[in-house]
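Student: I would like to learn how to read the main features of a protein model. Could you take me through them one at a time?

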Amino acid sequence: MQLEPSKHILQRTAAEHEMQRILDLQRSAFAHDINPNKKIRKDRLQRLLAMTQAHGDAIASVISADFGNRSLHQTKLGELLVVEGAIKHAIRHLAGWMRTRRAPTGLHYWPSYNRIMRQPLGVVGVISPWNYPFQLAICPAIGAVAAGNRVILKPSELTPRFSGLLKRIVAEYFSEDEIAVVIGDAEVGKVFAALPLDHLLFTGSTQVGRLVAQAAAKNLTPTTLELGGKSPVIIDPSADIEVIAGRVAHGKLFNAGQTCVAPDYVLLHESQQTQFVAAFTQAVAKMYPHIGANPDYTSIINDRHFSRLQSLIEDAREQGASIVECNPANESLDPQQRKMMPTLVLATTGQMRVLQEEIFGPILPILTYTKVEQVVEYINLRDRPLALYWMGRDVAGRNHVLKNTLSGGVTVNDCLWHFVQEDVPVGGVGASGSGAYHGEAGFRTFSKEKAIFTVSRFNSFGLLHPPYGKLFERVVKVLGKIL
């Protein structure tokens, strides 16, 4: 009897063939234009901008549908405006980024000289997550396109409406050999990560990031990993608690905490805890007077993540934590909405899951300290966070913490804002990621910086050729002194 392959295997095989077809198509197109000129690159960036502006409302609508409810205003702020700003920044700076640059040349090599030429890599793959599905797909693509590459996007299967829309609108503005979108489940994602791409950027969890890196390593595909982790908020005794609590609440509750750089836990002086809890609760009530029917308050993406967040709270409660639920309107929420009240967790211990796992939701554990050295030690004993937030007016205290901790990026006296800066690199370190993008950092990530050493007609290199003798020894001795 001949065994029939399972439907799952057939689907995977079909997806693999389709992705290889697109990769071959883009490789062929790249081979015919290995270094696109500024006009071509600018045109592609302008088409990305036109696509974003023309379909912004539809993008926000389908993302909200995928979440159950996602604030349309937060999508506009956190996705559409970020993408538009990144594209315009790239267009303004494109000529400077592309320019072949002079590099210093040692005196002993003169009059020969060094130059650095930036060239595209070829075909760049982008695996993007569900929490900011448009921004985290297109922002890496901006850097890749600006650098002259072809791009294949693999959006998350957890936002299927958005993924389908992205595939349609990209096909409307780009030929398949410029930018293409492949959609599918986690199995398709595994095949995608194993493609022999010229560079792969993945945004997602640390756990999945390890698997992506392993798959890419089989082809020696260079990777940029934008992962996550537990990003701390350090509140110094010099901070204005009333002001800072509102900023922490905004950063934590934007997208209901489903942000890779969201504040994950707070470290504050033991004398400030009562004041902070009160100020945080008041800030929540001001921003979100009610939760259930509030279109500004985002739902948790799916039932599995909703249950996981509830289990984090229950685990902490069972281990003796004090749970403070911020419920301004005294509502009873319908679980079908997958909306979760902003929740503070006090009296935490290291055995609680809320201090072991990345939360990715509207739960905020509070830890207290007596000396700033305890803060530095606590952070440094754990995986490097993707973000770190320092709040206060004490410059010496701030500098001490920033110099003695490692993190992907920092915002001082607020949350999240460093992530949307185009003039500085954005990326993690250690378990929170490797590599960086945004602005020129993204352009460089997706480029090969080729060193070019031009030998002058008049040079002394012949003195170093064999046969070796006394003249060679004298030349080497002189070089040893001036190097």
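Tutor: We will go from the whole chain to its cysteines. This is a predicted model, in which local features need pLDDT of at least 70 and side-chain atom pairs count only at pLDDT 80 or more, while totals for chains, interfaces and linings use all residues. Residues are numbered from 1 along each chain as its sequence is written, and side-chain values use heavy atoms, with hydrogens and water left out.

Student: How many helices and strands does the chain have?

Tutor: Helices (H or I, at least four residues) and strands (E, at least two) are DSSP runs, numbered from the N terminus. Here the chain has 15 helices and 16 strands, and its C-alpha atoms fill a box of roughly 85 × 65 × 50 Å along the principal axes.

Student: What percentage of the residues is buried?

Tutor: Buried means under 20% relative accessible area, exposed over 50%, and partly exposed in between, using a 1.4 Å probe and protein chains only. Of the 483 residues in this chain, 51% are buried.

Student: How many disulfides does a search of the whole structure find?

Tutor: A disulfide is a pair of cysteine sulfur atoms within 2.5 Å. The search of the whole structure finds 0. Cys-139 is in no disulfide, and the nearest cysteine sulfur, that of Cys-260, is 11 Å away. Cys-415 is likewise in no disulfide, with the sulfur of Cys-260, again the nearest from a cysteine, 13 Å away.

Student: Are Cys-139 and Cys-415 buried or exposed?

Tutor: Cys-139 counts as buried because its relative accessibility is 6%, and Cys-415 counts as buried because its value is 1%.
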